[in-house]
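Student: I have not looked at this structure before. Could you take me through it piece by piece?

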Amino acid sequence: MPLPALRLPRAPGVPSSPDLNERSGMGSLPGPPSPKALSPSPTSAPATPQTLIDASELKRLFDAQRRHLNHFFDHLDLTQARAFSQILLDAPGAIFFSGVGKSGFVARKLSQTLASLGFVRAAYLSPVDALHGDIGAVSWGDVLVLISKSGSSEELLRLVPCARAKGAYLVSVTSVEGNPLAAGCDMNVHLPLERELCPFDLAPVTSAAVQMVFGDTVAVALMAARNLTKEEYATNHPAGRIGKSLIFKVKDVMKKKEELPVCKEGDLIMDQLVELTSKGCGCLLVIDSEYRLIGTFTDGDLRRTLKACGEGIFKLTVGEMCNRNPRTIASDAMAVDAMQKMESPPSPVQFLPVVDDNNIVVGIVTLHGLVSAGL
């Protein structure tokens, strides 16, 4: 029995016969270029210089966007905004956000922001996936926030009766007056929109910014209403710079015990060069017999002493040239506070001795260590 003829797969993007545009109903869209057209010609003219952004035009656009955003702030109904915020705060169930296109990205971001607060159960609900089973996550007492500039997105309009049948409270957030989505929801929040910054007044570059500003401001209002503390907020951000700045303490990032570059005030400077350079701190911690801090001597102090005294440095002790009033910090202080203290006037420093209530050295925290920890 003869084997069927082998048919090689068609290259991606190359239409079969009949024409791909005809079969897909896309009219007379141009087809893909032929491989020959893609090949550079050895005799072709050099490429023209790249078009540059005009600075004055860029400034005009930023000024126009600012005016559009100011229109939103000047015309927002604060009574509506407060009622919407209260609904989210008092929601007996979960809060779902949904949207299509750019409004969908905003909805997803706002759901994540509220979820990060800890006291709100929030999630994003895809309007398409909701009609294929995800609507099962919605139940009585939940709030569904539908975000749409026009209020006429077909996917959201189809979702309205399904969510209502599940017992959800529906809120539309729109910018066009008299839209069908607002008519089908329990509440509507109107976000005033003068126009899009897009020269065709089509691309949602201003409306999406307005939606984001409104949603994030409401989220902060909820934080204020619940008196959310830094510690509570930090429990939901254990990773990343936010969490580390709110959770990490000095004792979590400081060098301890044998890592400390310590010496006595009677030690000769030249005898402590190895200790000064080998511990990676850029300094010496000058202590007494009970480990109490007397002062600090840095590699910068070494250079200045050498410049001022020359060969006389061989006879100088650390105690004679050390700084006896260094900045210090406690081990229970926040690591982010240590960084701020290092950067504070009159001049920044690269380390802080860590001492207890009796001025006994228990560690040292360095700027390098804080940065390495992700702060």
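Student: Let me start with K251. Is K251 buried, exposed or partly exposed?

Tutor: K251 is partly exposed, because its relative accessible area is 36%. Please keep in mind that this is a predicted model.

Student: Which side chain does K251 meet in a salt bridge?

Tutor: The side chain of D332 does, with 3.2 Å from N to O. This pair links distant parts of the chain: K251 belongs to helix α12 (residues 250-253), while D332 is in the loop between α15 (318-321) and α16 (335-343), 81 residues apart. D332 has a relative accessible area of 48%, so D332 is partly exposed as well.

Student: And what does R324 form a salt bridge with?

Tutor: R324 forms one with E265, and the closest N and O atoms are 2.9 Å apart. R324 lies in the loop between α15 and α16, and E265 lies in the loop between β6 and α13 (273-278), so the pair ties together parts that are 59 residues apart in sequence. R324 counts as partly exposed at 48% relative accessibility, and E265 counts as partly exposed at 34%.

Student: How many salt bridges are found in the whole structure?

Tutor: A search of the whole structure finds 13. One of them is formed by R158 and E154, whose closest N and O atoms are 2.9 Å apart.

Student: Where do R158 and E154 lie?

Tutor: Both lie in helix α7 (residues 154-165), four residues apart, which is about one turn of the helix. R158 counts as partly exposed because its relative accessibility is 40%. E154, with a relative accessible area of 53%, is exposed.

Student: Let us change topic to the sheets. What is the strand order in the open sheet of five strands?

Tutor: The order is β2-β1-β3-β4-β5, and the pairing is parallel. The edge strands are β2 (122-124) and β5 (187-190), each of which pairs on one side only. Neighbouring strands of this sheet are turned by 20° against each other on average, direction ignored.

Student: What holds paired strands together in general?

Tutor: Strands of a sheet pair through backbone hydrogen bonds, either parallel or antiparallel.

Student: How many bridges join β1 to β2?

Tutor: Three bridges join strand β1 (residues 95-99) to β2, and the two run parallel. F96 stands opposite A123 in β2.

Student: Where is S172 placed?

Tutor: S172 is in strand β4 (residues 169-174). It counts as buried because its relative accessibility is 0%. Apart from neighbours within four places in sequence, S172 is in contact with L146, L181, A182, C185, M187, N188 and V189.

Student: And what is the order of the open sheet of three strands?

Tutor: That order is β6-β7-β8, with mixed pairing. β6 (262-264) and β8 (293-298) stand at the edges with a single partner strand each, so one side of each is left without a neighbour in the sheet. On average, neighbouring strands of this sheet are turned by 35° against each other, direction ignored.

Student: How do β7 and β8 run, parallel or antiparallel?

Tutor: They run antiparallel, and five bridges join strand β7 (residues 283-287) to β8. The bridge partner of L285 in β8 is T296.

Student: What do β9 and β10 form?

Tutor: They form a hairpin with five residues between them, and N359 in the turn has a positive phi of about 65°. Five bridges join strand β9 (residues 351-355) to β10, and these strands run antiparallel. V355 has V361 as its bridge partner in β10.

Student: Why is β10 largely enclosed by the rest of the structure?

Tutor: Strand β10 (residues 361-366) is largely enclosed because five of its six residues are buried.

Student: One last topic, the surface. Which residues form a nonpolar patch there?

Tutor: I53, L58 and F62 form a nonpolar patch, with about 350 Å² of accessible area together. I53 is in the loop between α2 (35-38) and α3 (55-75). At 71% relative accessibility, I53 counts as exposed.

Conventions
Residues are numbered from 1 along each chain as its sequence is written. This is a predicted model: local features need pLDDT of at least 70, side-chain atom pairs count only at pLDDT 80 or more; totals for chains, interfaces and linings use all residues. Side-chain values use heavy atoms; hydrogens and water are left out. Two strands pair if DSSP finds at least two bridges between them. Axes are lines fitted to C-alpha atoms, for helices over the stretch in contact, and angles run from 0 to 180 degrees between N-to-C directions. Buried means under 20% relative accessible area, exposed over 50%, partly exposed in between (1.4 Å probe, protein chains only). Contact means heavy atoms within 4.5 Å. A salt bridge is a side-chain nitrogen of Lys or Arg within 4 Å of a carboxyl oxygen of Asp or Glu. Patches are made of residues with over 30% relative accessible area and no salt bridge: like charges are joined within 9 Å, nonpolar side chains (Val, Leu, Ile, Met, Phe, Trp, Tyr) within 5 Å. Accessible areas come from the Shrake-Rupley method with a 1.4 Å probe; for residues, only the protein chains shown count as cover.
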